[in-house]
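Colleague: Got the model open. Can we go through the aromatics, then the interface?
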Amino acid sequence: MEPVIYELSAPGRCAAHLPELDVPASQLPPEHLLREDLDLPEVSELDLMRHYVRLSQLNHGVDVGMYPLGSCTMKYNPKVNEEAARITGLVETHPYQPVETVQGNLAIMHELQGYLAELGGFEAVSLQPAAGAHGELSGTLMIRAYHRDRGDDQRTIMLIPDSAHGTNPASTAMVGMETVEVRSDARGNMEIEALKPHLNERLAGLMLTNPNTLGLYDEHVLEVCRLVHEAGGLVYGDGANFNALMGIVKPGDVGFDVLHYNLHKTFSTPHGGGGPGSGPVGAAPTLADYLPGPIVARDENEAGATAYRFVMPERSIGRIKSFYGHFGIMVRAYAYIRMLGAQGLLDSSMAAVLNANYLQAILSEVYPLPYDRVCMHEFVLQGRLEDAPDVRALDIAKRLIDFGFHPPTNYFPLIVPEALMIEPTETESKQTLDRFAEAMLRIAQEAREDPELLQNAPHHAPLRRLDEVRAAREPVLSWQRPEDDPATDETE
Amino acid sequence: MAFEVNSDCRYAENHEWIQVTGDTATVGISDYAQQELTDVVFVELPEIGDTFAQGEPFAVVESVKAASDVYLPISGEIIEVNDALEDAPELVNDEPYGDGWFIRIKVADPDEMDDLMSPDEYREFVAEQEG
């Protein structure tokens, strides 16, 4: 195992030697503001370089192997995106610059707003939110503001299906609303009858992921949106699974009032340890005035010259991010959309759905498939086998590491016991999908013949099975010098 | 899956058990529930004096797998919480019907006990759920 960099430290070793001071020394801040003996690692440049290169080699990323982490859309991040984001004219701009001097940046933001609005079927888009859950927070704040503007302060109930991402109830709680869970029916749709008792004057809205976390398109979505609207509520769309829909379905047309996009999922910007994320929100006419701002507007003068400026939507919930959101990420998503074009985006979603169905068809021969329908971009199997009762989803997930695959999302959604949620994405070839399927089938075989092989997996990773229980019960949150380690301290 | 059902308790659909003694009752989660959760790593308990209606969430139990609400099988006021779970959440796994208890309540309405399952009914309920 690679040591932490503090363990490589040697007193007095240094990576960069500064020249003699040849200007007057400035005053140090007052002593009470200074910490003594800040414990920094002392290493040479070569130690430093080797340490981080080795760490990077131990990491599994989508550039190394398939990463079928359901609900996360770990698609390939095209390197041309990085080229675009590194263009000098973009890199060397600053958010405090007068807008006349950064018209190119604003033009990119404006066009991106437009592309996202077009794909989602929305009136307007704000690029402010920093990630998906931040988009949810924005959307729930918008819904709250909408009801308050109408004097409907009592509308504080948010309906959330039992298949939802955990961030949905968390966002609802953050804005001071109450969550009511609505169960799913036997086909994985929202249960209409379970919805009906809540269609009253307390209803603020519904948060719906569609396709949902089972990877299924809700067959009742039109009726659900209609019922919620008729009861005076609004519908929030969790766009985490938008990769199944580009160019096929516009959530705005279906009846969603507000939806967040994950640029770091659907639009191929770095995700998971990379990032940062970006979670723009799109809004239908009902909520467009409430979008967080500023957003970019485009003016044209009589001579036909265009100019871009920042505006606050009329009833905006305000700023929810410093400056203008994660601009560098917007450039990457913009590049992705421009490289693919409308047809390319449609093809991407179609291939994502095809790839998921291909794997589902092969793997459901061996692993239980609790909701047996044509899936969208992902599907949920059960990691338990009748003739291998001692093997759990976790063991299967860990064994996959030995075959060079990142494990799928497991134990989520909560409504499927021993869930394995698999999302191959459109960027994997048929050969890679076949290799993954072969690994999964072989693991099922191993589970029957040698369950311990799975229970002790991974065998070929830099570390064996970690003691997650002990890590959670007795967390050590920062590196401690061996002499400070409470585990070895008798007095503790 | 093999699991124990304590014959002195009644059971709720969310897998809580309750055992009544006079006008107070002790509440915890069933052996089946702790097996499903796997190793419990944290339990968040309510404050003494809090009151909850039947079916309201009163605690959160966290395992490596998931965090789940725990619901009160009948209405009541919290009169005691099992502080030992703070340092030893594994008690929920080791002795779900014993030292792994969650709370004691003052029972608000003894009739609500009729809404709950007997040990045999609970055993059947789980078998059905397991399919």
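Modeller: Start with Trp17(B) and Tyr97(B): both are buried (under 20% relative accessible area, with exposed over 50% and partly exposed in between, 1.4 Å probe, protein chains only). This is a predicted model, where local features need pLDDT of at least 70, side-chain atom pairs count only at pLDDT 80 or more, and totals for chains, interfaces and linings use all residues. Side-chain values use heavy atoms, without hydrogens and water, residues are numbered from 1 along each chain as its sequence is written, and chains are lettered from A and ligands numbered from 1 in the order written.

Colleague: Which aromatic cluster does Trp17(B) belong to?

Modeller: One that also includes Phe3(B), Tyr32(B) and Tyr97(B). Rings of Phe, Tyr and Trp (its six-membered ring) pair if their centres lie within 6.5 Å; planes under 30 degrees apart are stacked, over 60 edge-to-face, the rest tilted.

Colleague: How many aromatic pairs over all chains?

Modeller: The whole structure has 15. In one of them, Tyr96(A) and Phe323(A), the centres are 5.2 Å apart and the planes at 85 degrees, so the pair is edge-to-face.

Colleague: Is Tyr96(A) buried or exposed?

Modeller: Tyr96(A) is exposed, at 68% relative accessibility. Phe323(A) is partly exposed, at 33%.

Colleague: Switching to the interface. What area is buried between chain A and chain B?

Modeller: About 840 Å², with 56% from carbon and sulfur atoms. That is accessible area (1.4 Å probe) lost on putting the two parts together, summed over both.

Colleague: How many salt bridges between them?

Modeller: Two, each a side-chain nitrogen of Lys or Arg within 4 Å of a carboxyl oxygen of Asp or Glu. Lys65(B) and Glu418(A) form a salt bridge at 3.9 Å, N to O.
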